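Visitor: I would like to go through the pockets of this model. Could you show it first?

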Amino acid sequence: MSLDSPGLSRRGLMFVLSSPSGAGKSTLARELLAAHPELDLSISVTTRPRRPSELDGRHYHFIDREQFSRMREHGELLEWAEVHGNFYGTPRAPVEKALAEGRDVLFDIDWQGTEQLSAIEDLRPDLVRVFVLPPDFKELRSRLERRAEDAPDVIQRRLDNARIEIEK
């Protein structure tokens, strides 16, 4: 993306949405992308099994733990975290390419990933962080249950983790 003046260009920005599971960050991300098609979505890699409603390459890149470990060891991830027993991470190359070309990138990641991005000195000036809070824990539980994609023990783990995430 270029500015109006000839010869001037800008580096892209990173817009990071984070929240506990079920608080609405993915819904907000979808709405932002629909309203602003010039935004690029950062698609994370994960070792989590694909849910029936998800598409590989659109919602996540679903990979095994061995491939994830290789990516982490070779510095191919900008950030990564273990969440609810699964690994998630942001591939470095597509984000750096978009930013260098002046395109803004939207992230839908957890607080741990946001903290790691904030710690990268070269990226900090390009980072905008937003943490989305659920209306309350009763509604959060209801949303996770209505999603009908997780077992009751997983929902409880997500609720327990939500309290920690909100404190962070």
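Visitor: Which residues lie nearest the centre of the largest pocket?

Guide: Keep in mind that this is a predicted model. The lining of the largest pocket counts 38 residues. Nearest the pocket centre are Lys25, Ser26, Arg51, Tyr60 and Asp108.

Visitor: Which element gives the most to the lining of the largest pocket?

Guide: Several elements supply at least two lining residues each. The strands are E5 (77-83), E6 (86-91) and E7 (105-108). The helices are H1 (25-35), H5 (137-147) and H6 (152-167). The top contributor, with six residues, is H1.

Visitor: What space lies in the second largest pocket?

Guide: Start with the largest pocket, which holds about 1000 Å³. For the second largest pocket, the value is about 150 Å³.

Visitor: Which element gives the largest share of the lining of the second largest pocket?

Guide: The lining includes Phe15, Val16, Leu17, Val128 and Val130. Two elements give two or more residues to it: strand E1 (14-18) and strand E8 (127-131). The largest share is three residues, and it comes from E1.

Visitor: How many nonpolar residues are in the lining of the second largest pocket?

Guide: Among the lining residues are Leu32, His36, Glu38, Leu39, Asp104 and Leu106. By class, one lining residue is polar and two are charged. The nonpolar count is eight.

Notes. Residues are numbered from 1 along each chain as its sequence is written. This is a predicted model: local features need pLDDT of at least 70, side-chain atom pairs count only at pLDDT 80 or more; totals for chains, interfaces and linings use all residues. Side-chain values use heavy atoms; hydrogens and water are left out. On a 1 Å grid over the protein atoms alone, a cavity is a set of points where a 1.4 Å probe fits but cannot get out, and a pocket is an open set with protein on both sides within 12 Å along at least five of seven lines; lining residues have an atom within 4 Å of a point. Grid points are joined across faces, edges and corners, and a volume is the space filled by probe spheres set on the points. Helices (H or I, at least four residues) and strands (E, at least two) are DSSP runs, numbered from the N terminus. Ala, Val, Leu, Ile, Met, Phe, Trp, Tyr, Cys and Pro count as nonpolar, Asp, Glu, Lys and Arg as charged, and the others, Gly among them, as polar.
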